[in-house]
Amino acid sequence: MTGDAPPPASRPVPPPASRPVPPPAPPLASGPHGADALRPLLGTVLDALADGGRARGGPLPAGGPEAVAARIADVLGDALPDDGDPGALRALVHALAEGSTDPADPLCAAHLHCPPLAVATAADLAASALNPSLDSWDQAPAASALEAAVTRALAHTAGLADALVTTGGTESNQLALLLARETHGAGVRMVCGAQAHHSLPRAAWLLGLPEPVVVPTPSGVLDPAALDEALTALSGPLLVAATAGSTDAGLIDPLPEIAGLCAAHGARLHIDAAYGGGLLFSDRHRDKLAGLEAAHTVTLDLHKLGWQPVAAGLLAVARPAELAALQQRADYLNADDDTEAGFPDLLGRSLRTSRRPDILKIAVTLKTLGRGGLGDLVDQVCARAREFAALIDEHPGFELYDRPVISTVLFRPAGADDDAVAAVRRRLLHEGRAVVGRARLDGRLWLKATLLNPHTRPDALAQLLKLVEEGTPA
Ligand SMILES: Cc1ncc(COP(=O)(O)O)c(C=O)c1O
């Protein structure tokens, strides 16, 4: 200190400037006024959904990617304007609805992209409003209890002990491989069919596992003899990844035989039932999944054959003790003394931290429809697929790949080459008339219809066929 420095002069405080009063903070979705704030906004959303859907007038917007991007750019304008626009909700929901592919349109039948049930979507609104986050009990007291009960019930339906909620088949497959690695060591090698979903080899790459052994599947499913040969030739810890409901054709690997081979060779078994898992609800089709209960882990995904909005994945596990590999301590979320005092430790139920209560819409759906109601939906889409296949089979202008096992039908215009098959699909997309998928099997390109809409009537399927016939280049 310099000793003789003058004391700091006290500066006069200027009178408050006439600053504009900030506008009131926008209303919140929960709390005492949440429902009142949401009600008129929901009216806006529902009107915009209806108007936007009418403006589209078909299963997808016409004009292709450039036209859709231009319309969105036009409505959006400046994405982060200096001043807000209270009309944004109506304008953007309308634009989204007008520019969406609508899985509830019977002419939208390409992917495992289901039309969500209204009741599930309504439940999802409650999840968004309350915003429970499943990384600690104090953020999700009821949601965590609901999740524990419903995941166990679903796992038991599949013949396993417990299940984790995931964002879908991809995360479930990754978790399955992670549990295999943590249980059997980083040398565990995956053996899968060539038709296995791409997320499986990708998970092996992500987790630093050895290069997977891919068994050719010329018939579309894992052949037990070929699998036996592969397992016999390999040494070290092995993980067989079978598929119940292949992405391209909806085919189910021979699960009991594969389970027997895994037992004989001491290999671990994962079954990717992201698509086929929904058959568990159906008395008529459940038997197709015999052998599922022999797996160490099973991927389920109710945003496919379960009519949920994305995301609604699960990984069922036979040995819950293996989940210890996911244990994690973070004092702010699961302090030891809190856990000892009886607060559930949720961090070990996922690799994510903040996590939506996707279980709510699933629980509401299971309770509202019951197994019987869900089974009826499964039966209906499988029946529609059989009818569609019969229609194609009878039609001289089309070739059918095979009778459907679940609800996927592969077909192609007779005599068309692969370029013509690809072209008709793109043409229908560009014109906004139909959404069909594509799959390469038997070395040829096929059109793919994945029927997940229980409201689809046979005349819509006949119309789909007519559109393909008319749109195929000569
Ligand atoms: C058999 C199979 N497994 C996994 C997945 C991945 O599921 P998700 O898209 O929910 O991650 C799919 C997606 O279609 C699938 O068909």
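**Figure 1. Helix 1 spans residues 34–56.** With 23 residues, helix 1 stretches 32 Å from its first C-alpha to its last, close to the 33 Å expected at 1.5 Å a residue; the expected span is 1.5 Å times one less than the number of residues. Helices here are DSSP runs of H or I with at least four residues, strands are runs of E with at least two, and both are numbered from the N terminus. This is a predicted model, where local features need pLDDT of at least 70, side-chain atom pairs count only at pLDDT 80 or more, and totals for chains, interfaces and linings use all residues. Residues are numbered from 1 along each chain as its sequence is written.

**Figure 2. Helix 1 has a kink centred on Pro40.** The kink is about 25°, the bend being the angle between axes fitted to the seven residues ending at a residue and the seven starting there. Just after helix 1 comes Gly57, with a positive phi of about 70°.

**Figure 3. The largest nonpolar core holds 120 residues.** Such a core joins buried Ala, Val, Leu, Ile, Met, Phe, Trp, Tyr and Cys residues through C-beta atoms within 7 Å (buried: 20 or more other C-beta atoms within 10 Å of the residue's own, with C-beta atoms placed from the backbone). Val240, Ile258 and Ala316 touch the most other members. Helix 12 (residues 359–394) gives the most, 15 residues. Domain 1 (118–369) and domain 2 (370–471) both contribute, so the core lies between them; the domain bounds come from an automatic or database assignment.

**Figure 4. Now meet the contacts of Ala316.** Beyond neighbours within four places in sequence, its partners are Ala155, Ala158, Leu160, Ala163, Thr297, Val298 and Leu300 (contact: C-beta atoms, placed from the backbone, within 7 Å).

Methods: A residue is buried if 20 or more other C-beta atoms lie within 10 Å of its own, exposed if 12 or fewer, and partly exposed in between; C-beta atoms are placed from the backbone. Two residues are in contact if their C-beta atoms, placed from the backbone, lie within 7 Å.
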